[in-house]
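Visitor: I would like to go through the side-chain packing of this model with you. Could you bring it up, please?

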Amino acid sequence: MKTHEFIAKYKEAFGERTPLPVAFGYSGEAVTEVKKIPRCMIGAIRKVCGGEPLTLSADNVICGGGSLYTAFAPMPDRVPAFVSEAEHYKQTKEQVKEYIDRLGIRLSEKPYLNFVRIDNIDSIDNVEGILFFATPDVLSGLCSWAFYDNNDDDAVCTRFASGCCSIVTFAAKENAESGRRCFIGMLDPSARLLVPKDELTFTVPACRFREMMGTMEQSALFQKAYSIVRKRINGEIRSNG
């Protein structure tokens, strides 16, 4: 399925109100000017849904955790204490260190990490992952689609992570390993206010997305149950919430 064909099917499945997903990947070239961004990159990534591309690099990712999770720099020494003693996201510094060691992050050999809305690319070659910003109703469809041809218990995962880790790190590693897991993210309280209150993220590694494009039309997205959810997404029926 070509990118433009996917977009047409995506709009058919979810409606015009649902933001198009964002493709991201490392590159030797920046797709746009490397602009200064706020300390947390999440708000800048969310804005890509509006159509303007984003390029991250070691020069504009100034958050210590962000530079680690985007693979631009090693973990700063202060991160374990900050996560455990300031944020209280983990009980001890040792837990933080163990967690980061398990991630197995390898520094990027390429200087840029580009984010581009999917209608602005011709293919997903050289892409690490596809990022969806999803309301619960949209997330229901995305998960149903991911579960369709994957019977593994971890076909869709929700793991401890910062916002940027849940978007970039998991997908990049899964893509490198030709894995099939998709990831729900943006449960990080520190970054929640940078996205709409009713959105989470759903990230699909590029290798898995190529598979899922082939099953899209056969999945629950185009069956009766989800068609009713689609009507609520598009305001055609009244919400119970």
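Visitor: Which residues form one aromatic cluster?
Guide: The model is a predicted one. In it, a single aromatic cluster is made up of Phe 6, Tyr 10, Phe 14, Phe 132, Trp 145, Phe 202, Phe 209 and Tyr 226.

Visitor: And how many aromatic pairs does the count come to?
Guide: The count comes to 13 aromatic pairs. One of them joins Phe 24 and Phe 115: the ring centres are 5.4 Å apart and the planes are at 25°, so this pair is stacked. Phe 24 belongs to strand β1 (residues 22-27) and Phe 115 to strand β3 (residues 112-117), so the pair ties together parts 91 residues apart in sequence.

Visitor: Are those two buried or exposed?
Guide: Phe 24 is buried, at a relative accessible area of 1%. Phe 115 is also buried, with 0% relative accessibility.

Visitor: Which charged side chains lie over the face of a ring?
Guide: Lys 9 lies over the face of Phe 222, 5.5 Å from the ring centre. Arg 159 is placed over the face of Phe 170, with 4.1 Å to the ring centre.

Visitor: Now the largest nonpolar core. Which of its residues touch the most other members?
Guide: That core has 39 residues, and those touching the most other members are Phe 24, Leu 54, Leu 56, Tyr 69, Tyr 99, Leu 113 and Phe 115. Helix α7 gives the most to this core, with six residues.

Visitor: What does Tyr 99 touch?
Guide: Leaving aside residues up to four places away in sequence, Tyr 99 touches Tyr 69, Phe 160, Ala 161, Cys 165 and Phe 170.

Visitor: Tyr 99 is in α5, then. Which residues of that helix are buried?
Guide: In α5 (residues 93-103), the buried residues are Val 96, Tyr 99, Ile 100 and Leu 103. Viewed down the axis of α5, these buried residues fall within an arc of 95°, so they line one face of the helix.

Visitor: Why would such spacing put residues on one side of a helix?
Guide: An α-helix has 3.6 residues a turn, so residues three or four places apart point the same way.

Visitor: What covers the buried residues of α5, and what is on the face turned away?
Guide: The cover includes α3 (64-69), α4 (79-86) and α7 (163-176). The face of α5 turned away from the buried side carries the exposed residues Glu 94, Asp 101 and Arg 102. After α5 comes Gly 104, which has a positive phi, near 60°.

Visitor: Last topic: how many disulfides does the structure hold?
Guide: The structure holds zero disulfides. For Cys 143, the closest cysteine sulfur is that of Cys 182, 8.2 Å away, too far for a bond. Cys 143 counts as buried, at 11% relative accessibility. Cys 164 is in no disulfide either, as the nearest cysteine sulfur, in Cys 63, is 6.1 Å away. Cys 164 also counts as buried, with 9% relative accessibility.

Methods
Residues numbered from 1 in each chain as written. Predicted model: local features only at pLDDT ≥ 70, side-chain atom pairs only at ≥ 80, totals over all residues. Heavy atoms only, no water. Buried < 20%, exposed > 50% of the residue type's maximum accessible area, 1.4 Å probe, protein only. Helix = DSSP H or I, 4+ residues; strand = E, 2+ residues; numbered from the N terminus. Arc of directions from axis to C-beta. Contact = heavy atoms within 4.5 Å. Phe/Tyr/Trp six-rings, centres within 6.5 Å; stacked < 30°, edge-to-face > 60°. Lys NZ or Arg CZ within 6 Å of the ring centre and 35° of its normal. Core = buried A, V, L, I, M, F, W, Y, C linked by side-chain atoms within 4.5 Å. Disulfide = S-S within 2.5 Å.
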